[in-house]
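Subject: Structure for you to look at

Dear colleague,

I am handing over the structure we spoke of, and below it I have set out what was found. Please read the notes with the model open beside them.

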Amino acid sequence: MAHVICAPCIDVVDKACIEVCPSDAIHLADDTSLAEGDRKNMAYINPDECADCGACADECPVQAIFPEEDVPEEWKEFVEINAKAFA
Ligand code: SF4
Ligand code: SF4
């Protein structure tokens, strides 16, 4: 399992999560394999690198980060959106 970044990050991207991640699992849009047209202005968690420690979720000022199993229904698509950024 991994943590997932959801819609509230879009256009906020203050990077507080990136600074605390012990696994360097959080990447900005430019640092993913996403084509330019598919990029949202947000941070993405690589599920293959995430250690599920939860440190990032505690730091996020807009509560954009959830454990995969707790992602709110309205943002479920972000599980795929994060994973596909590194496909
Ligand atoms: S849960 Fe931990 S390892 Fe995973 S992205 Fe957040 S800070 Fe990094
Ligand atoms: S701390 Fe929250 S708003 Fe800031 S980059 Fe990370 S997920 Fe986005």
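In which helix does Asn 82 lie? Asn 82 lies in helix H3, and please bear in mind throughout that this is a predicted model. With a relative accessibility of 1%, Asn 82 counts as buried, and its side chain reaches the backbone nitrogen of Ile 45 at 2.9 Å. Leaving aside residues up to four places away in sequence, Asn 82 touches Val 4, Ile 5, Met 42, Tyr 44, Ile 45 and Pro 47.

Asn 82 is one of the buried residues of H3, which include Phe 78 and Ile 81 as well. Viewed down the axis of H3, the buried residues fall within an arc of 95 degrees, so they line one face of the helix. Among the elements that cover these buried residues are E1 and E3.

The largest nonpolar core has 27 residues, of which Ile 5, Ile 26, Ile 45 and Ile 65 touch the most other members. At least two residues of this core come from each of strand E1 (3–5), E3, strand E4 (65–67) and helix H3 (77–84), and E3 gives the most, with three residues. Ile 5, again not counting residues up to four places away in sequence, has contacts that include Ile 26, Ile 45 and Ile 65, together with Phe 78 and Asn 82.

Asn 46 is buried, because its relative accessible area is 10% and the cut-off is under 20%. A polar atom of the Asn 46 side chain lies 2.9 Å from the backbone nitrogen of Asp 48, and, beyond residues up to four places away in sequence, Asn 46 touches Ala 25, His 27 and Phe 86.

Finally, the two ligands. The residues around ligand 1 include Cys 21, Cys 50, Cys 53 and Cys 56, along with Ile 26 and Ile 45, and this shell divides into eight nonpolar residues, three polar and one charged. Ligand 2 is surrounded by residues that include Cys 9, Cys 17 and Cys 60, as well as Ile 5 and Ile 65; its shell comprises 10 nonpolar residues, no polar ones and two charged.

With best wishes

Technical notes: Residues numbered from 1 in each chain as written. Chains lettered and ligands numbered in written order. Predicted model: local features only at pLDDT ≥ 70, side-chain atom pairs only at ≥ 80, totals over all residues. Heavy atoms only, no water. Near = heavy atom within 4 Å. Nonpolar A, V, L, I, M, F, W, Y, C, P; charged D, E, K, R; others polar. Buried < 20%, exposed > 50% of the residue type's maximum accessible area, 1.4 Å probe, protein only. Polar contact = N/O pair within 3.5 Å; in protein donor to acceptor, adjacent residues only side chain to side chain. Contact = heavy atoms within 4.5 Å. Core = buried A, V, L, I, M, F, W, Y, C linked by side-chain atoms within 4.5 Å. Helix = DSSP H or I, 4+ residues; strand = E, 2+ residues; numbered from the N terminus. Arc of directions from axis to C-beta.
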